[in-house]
Amino acid sequence: MSSTPTRVLPQAVLFDMDGTLIDSEGLWGEAEAEVVAELGGVWTEEDHRRNVGGAAEKVGRYVADLPGVRAEPREVISRMQEAFGRRLAEGADPRPGAKELVAAVAASPVPSALVTSTERHLISSAIGAIGLESFDLSVGGDEVEANKPHPEPYLKAARLLGVDPARCVAVEDSAVGVASALAAGCATVAVPMMVPIGPAEGLTVVDTLEGIDMEWLADLAERHTARSAGV
């Protein structure tokens, strides 16, 4: 007598924030350009692309090394966060399909986490259009020893949720974030916003989060589990 195989759901869904769920990369770009100009440097579109998804410390060091800039990385970070926070006061729009996908996961038995390079004090206002309460927990960029592209942010989120990262789906928008999620062993979905992302094992690139639901995530989790098992 045959039986229907049990569906393999992801043990958790782990979401990046900036550029993935909210359209905030442009706000970061404006904040970066403002601060660099105040400090005597010039911020180009290429500079912004090189730093998409980067942790505050990395961006701070990058700016401090620009020609004409005379400031320590920590001062750069502080100024940028203040400038970004002012822009967030007007709100950041959710990316297409983001609010619906987060709501679908929240309504399912699968837990979720927000895993972001943004520091804790900015998270609530940044994710306001979607709601921090939609997630079981969140990990901020100042709450890990090593930030993206290191796997620690995703490993920490999985550990706090009590799940196996290799049985989780991560959703990202940047090469830095994708590298972090893949290194943690997650099945990774990339929805690029500003910078193209090339193919990689364990990575699925999509044009939009619209139409992605729990059925789609379950299919992805099944394929990832089978691939990891060598099936």
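Buried here means under 20% relative accessible area, exposed means over 50%, and partly exposed lies in between (1.4 Å probe, protein chains only). This is a predicted model, with local features needing pLDDT of at least 70 and side-chain atom pairs pLDDT 80 or more, while totals for chains, interfaces and linings use all residues. Residues are numbered from 1 along each chain as its sequence is written, and side-chain values use heavy atoms, with hydrogens and water left out.

**View 1. Arg87 meets Glu30 in a salt bridge, at 3.1 Å from N to O.** A salt bridge is a side-chain nitrogen of Lys or Arg within 4 Å of a carboxyl oxygen of Asp or Glu; by this rule the count comes to 12. The Arg87–Glu30 pair links distant parts of the chain: Arg87 sits in helix H4 (residues 73–88) and Glu30 in helix H1 (residues 25–38), 57 residues apart. Helices are DSSP runs (H or I, at least four residues), numbered from the N terminus. Arg87 counts as buried because its relative accessibility is 19%, whereas Glu30 is partly exposed at 44%.

**View 2. Arg49 and Glu46 pair up in helix H2 (residues 45–51).** Their closest N and O atoms are 2.7 Å apart in a salt bridge.

View 3. Arg50, at 52% relative accessibility, counts as exposed. Elsewhere, salt bridges that share partners join Glu30, Glu34, Glu82, Arg86 and Arg87 into one network.

Conventions
Helix = DSSP H or I, 4+ residues; strand = E, 2+ residues; numbered from the N terminus.
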